[in-house]
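Reader: I would like to learn how to read a protein model step by step. Could we go through one together, taking a helix, a sheet and a core in turn?

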Amino acid sequence: MAEEVDVIVLGMGVGGEEVGGRLADAGLSVVGIENRLVGGECPYWGCVPSKMMIRGSGLLAEGRRINGMAGSAEVFPDWAPVAKRIREEATDFWDDKVAVDRFVKRGGRFVRGTGKLAGPKTVEVDGQTYTARKGVVLGTGTKAAVPPIPGLAETEFWTNKEAIEVEELPSSLTVLGGGSIGLELAQMFQRFGVRVTVVEAMDRLMSYEEPESSDLITEVLQRDGVTVHTGCRADRVDGMTVHLADGREFTSEKLLVATGRTADLHKLGLDTVGLDPAAKAITVDGHMRAADGLWAVGDCTGHGAFTHMAMYQAAIAIRDILGQEGPPADYRAHPRVTFTDPEIGSVGLTEEAARHQGIHVQTAYTKLPEATRGWIHKVGNDGFIKLVADRDRDVLVGATSAGPTGGEVLSALAVAVHAQVPVHVLQHMIYAYPTFHRAIEAAVQQLEV
C-alpha cells in the first residue's frame, strides 16, 4: 500500500536537500530519497574539498613568490595535511550522517535507496511506493561524463571523485578536458609536484569563456609547468597511454577524465509522467515546474552544474510549492568562477554570445597589472577586466573578472548585469582606491554612452 505525504524529494543533493529541509521547516510532511550521500557532489567530491586542495596549492605558490619580493623562501610540498583535512573536516570520511540527522531534525523523513517516478506524484523506491499530495521534486544531479574513446572503459581512470579522494599523489597525470574542473585540478596537482599534461579537443582551453580567459589560463598553466595541448582529440587509450588522432601519445601514472557532466535521466521513470527519458536535461518553466505536480532543481535542469544555481532554483521551487509570491527564474546574470590562480569569474554573455543574439555590442578591456592595486601586488597579479555592453540599451550584458580575487570582484559586475545598471551610472560611481575592483572603473570609462 502506498504511503501518502505532502512532498517527495527524489535526489538529496544541494538543491534537493535545501527544498526538503525548507519544506519540512514549513510544516509539510516530506520524504527525502537519496541513494548516495545527502548533500550531493559539492561537499564530498566537488566545491568544498577541491577548494581545500586549491587553498593548499595556493599557499605553496605564494611561498614561492616570496623570493625577490620580501626575502627568500624554499617551499617543500606535503600532501598529507591536505588529504587529512579533506577526510576529517570536509567529508567526515565520506559519511553523510550529519546531513541526514540535520534533515530529520527539521522534520523530514529520510529514505536511503534508488527511487523512480511511477506516475504523477508517485515514486517507487526499493519496493515501497510513496504518493504526494502536492508533488515530487527532482534533484538527481549529474555525474562525470565519460567520452566513448576506444579503450577508455577498460582503463582504471580517475574522475573528480578519485582525484578528490587520493591519499598519495602520482608522479604524473594526464588530464582529458580543458574545462574548469580539469584545469583547477591540473594546476593544483602540478603545484604539489605532479607532472601534469592537459589534453583538450577544442582549439583553446575554457572554450565556453572569452578568448582572453583562454589565453591567460594557458599562459599561467604553462608557467607553472603544466604541459598544454589544445586542438587534440584523443583517438584511443591503452592503459595509461593516451593516443591522439595526430599520432602523438602521452603516458602517465594516472589519467583524469574531466570532460564535463551528464544527467542520467533514463532510470527516473520520466515516461510515466509524459517526459522524455532520453532528454539531456529536464525542461522546467520559470517556477521550476516540469509537469503537473513535478518540479526539478539543480544540475538535472541543464542550467549548469553549479551549487549556486541549484540553491537559486531551490528557492524558487520552495516558493511555488508553498504558494508564495516571488519572481520567476532569470538567468541573464548567471555567475560562474573557475578557481584557478588567477581566478576567472564571468557573468552573463560572452562577446561572441552577445553578437550571436544580435546585440549591438561594445567591449572594454583593461589588464589588472596596469591598475594600481595590480601594480602594487606585482608577482601573481595576472588578470584583466572585460566588459560586454549593449550600446542600444546602455547596459552591461556580460563581464569577466580575472585576477587574484577574480571571483570576489565579479560580484560588482554581477549586480550591474542583473540590475541592468546604466553604463553612464557605472562611469560616475566612486570606486575605492587602491582595490582590485577599481580596474572596473578603468574598463567602464572606455565605453561610449
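Reader: Against what do the buried residues of α8 pack?

Author: Please keep in mind that this is a predicted model, in which local features need pLDDT of at least 70, side-chain atom pairs count only at pLDDT 80 or more, and totals for chains, interfaces and linings use all residues. Residues are numbered from 1 along each chain as its sequence is written, and side-chain values use heavy atoms, with hydrogens and water left out. The buried residues of α8 pack against α7 (180-191), β10 (227-230), β19, β21 and β22; contact here means heavy atoms within 4.5 Å. Helices (H or I, at least four residues) and strands (E, at least two) are DSSP runs, numbered from the N terminus.

Reader: Which residues of α8 are buried?

Author: As a general idea, an α-helix has 3.6 residues a turn, so residues three or four places apart point the same way. In α8, the buried residues are S213, S214, L216, I217, T218, V220 and L221, where buried means under 20% relative accessible area, exposed over 50%, and partly exposed in between (1.4 Å probe, protein chains only). After α8 comes G225, with a positive phi near 110°.

Reader: What is the strand order of the open sheet of five strands?

Author: The order is β18-β19-β22-β21-β20, with antiparallel pairing; two strands pair if DSSP finds at least two bridges between them. Because β18 (335-338) and β20 (361-367) stand at the edges with a single partner strand each, one side of each is left without a neighbour in the sheet. Within the sheet, seven bridges join β21 (residues 384-390) to β22 (residues 395-403), and V388 stands opposite G398 in β22.

Reader: Where does helix α8 lie, and at about what angle to β21 does it run?

Author: Helix α8 (residues 211-224) lies across β19 (343-348), β20, β21 and β22, and runs at about 170° to β21. Axes are lines fitted to C-alpha atoms, for helices over the stretch in contact, and angles run from 0 to 180 degrees between N-to-C directions.

Reader: Which residues have the most contacts inside the largest nonpolar core?

Author: In soluble globular proteins, nonpolar side chains tend to be buried together. A nonpolar core is a set of buried Ala, Val, Leu, Ile, Met, Phe, Trp, Tyr and Cys residues joined through side-chain atoms within 4.5 Å. The largest has 88 residues, and those with the most contacts inside it are M53, W79, L138, F189, V196 and I282. Apart from it lies another core, of 26 residues, including A364 and V423.
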